[in-house]
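Hi,

Here is the structure I promised to pass on.

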Amino acid sequence: MSLSPFHLAIPVYDLPAARHFYGEVFGLAEGRSSDHWVDFDFYGHQLVIHEHPRTESQEAAHTNAVDGHDVPVPHFGIVLSWPEWEALAERLRARGTQFVIEPYVRFKGQVGEQATMFLFDPCGNALEFKAFKDMSQLFAK
């Protein structure tokens, strides 16, 4: 499967904390930047953090129930390979990351079985990272 890189710009109300989080905690390479925004290589995609006053969704996330968990909405993330997901989960645990939903396997034994984890960046933006043992099930019903 060949994918085009996406571009996602998100608001952050503490640019230095968000820059540290994406650059140091996640280890993302930094691209262009100014005093008010920073580009990151988000697994081959362009993630831009823009300095912006705190938004309503950053103050109190809405949630929807999925597989017995309260999933924050909105959220974004990436689908990794299973080994990459496991390595990221370990890296985040080693850094003492607080998860909204701890890393676990969702829909075990069902169509769409996936590893997932949810967390917030320092500015309240929700992120999900997932992996499928069988990538052909990414959109399976």
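Which residues have the most contacts inside the largest nonpolar core? They are Tyr 22, Phe 26, Ile 49, Leu 92, Met 117 and Phe 129, in a core of 30 residues. By nonpolar core I mean a set of buried Ala, Val, Leu, Ile, Met, Phe, Trp, Tyr and Cys residues joined through side-chain atoms within 4.5 Å. Buried is under 20% relative accessible area, exposed is over 50%, and partly exposed is in between (1.4 Å probe, protein chains only).

Before going on, a word on the source: this is a predicted model, where local features need pLDDT of at least 70 and side-chain atom pairs count only at pLDDT 80 or more, while totals for chains, interfaces and linings use all residues. Residues are numbered from 1 along each chain as its sequence is written, and side-chain values use heavy atoms, with hydrogens and water left out.

Two or more residues each come from strands E1 (7-12), E3 (37-42), E4 (45-51), E7 (75-80), E9 (114-120) and E10 (126-131), and from helices H1 (15-25) and H3 (82-94). Helices (H or I, at least four residues) and strands (E, at least two) are DSSP runs, numbered from the N terminus. Take Ile 49 as an example: leaving aside neighbours within four places in sequence, its contacts (heavy atoms within 4.5 Å) include Ile 10, Leu 15, Tyr 22, Trp 37 and Phe 40.

Now the pockets. The largest pocket has a volume of about 390 Å³, and 16 residues line it, with Leu 3, Gly 77, Ile 78, Val 79 and Leu 138 nearest its centre. A pocket here is an open set of points on a 1 Å grid over the protein atoms alone, where a 1.4 Å probe fits, with protein on both sides within 12 Å along at least five of seven lines; lining residues have an atom within 4 Å of a point. The volume is the space filled by probe spheres set on the points, which are joined across faces, edges and corners. E7 gives the largest share of this lining, 4 residues, and by class the lining has 10 nonpolar, 3 polar and 3 charged residues. For the classes, Ala, Val, Leu, Ile, Met, Phe, Trp, Tyr, Cys and Pro count as nonpolar, Asp, Glu, Lys and Arg as charged, and the others, Gly among them, as polar.

The second largest pocket holds about 170 Å³ of space. Of its 14 lining residues, Ser 57, Pro 74, His 75, Asn 125 and Ala 126 are closest to its centre. E1 gives the most to this lining, with 3 residues, and the classes are 9 nonpolar, 5 polar and no charged residues.

The peptide bond from Val 73 to Pro 74 is cis, with omega near 0 degrees, and Pro 74 is found in the loop between strand E6 (69-73) and E7.

Two other loop residues have a positive phi without being glycine. Tyr 43, between E3 and E4, has phi near 55 degrees and is partly exposed at 31% relative accessible area. Asp 67, between strand E5 (62-66) and E6, has phi of about 50 degrees and is partly exposed at 37%.

Buried or exposed: which is Pro 83? Pro 83, in helix H3, is exposed, with a relative accessible area of 56%.

Cheers
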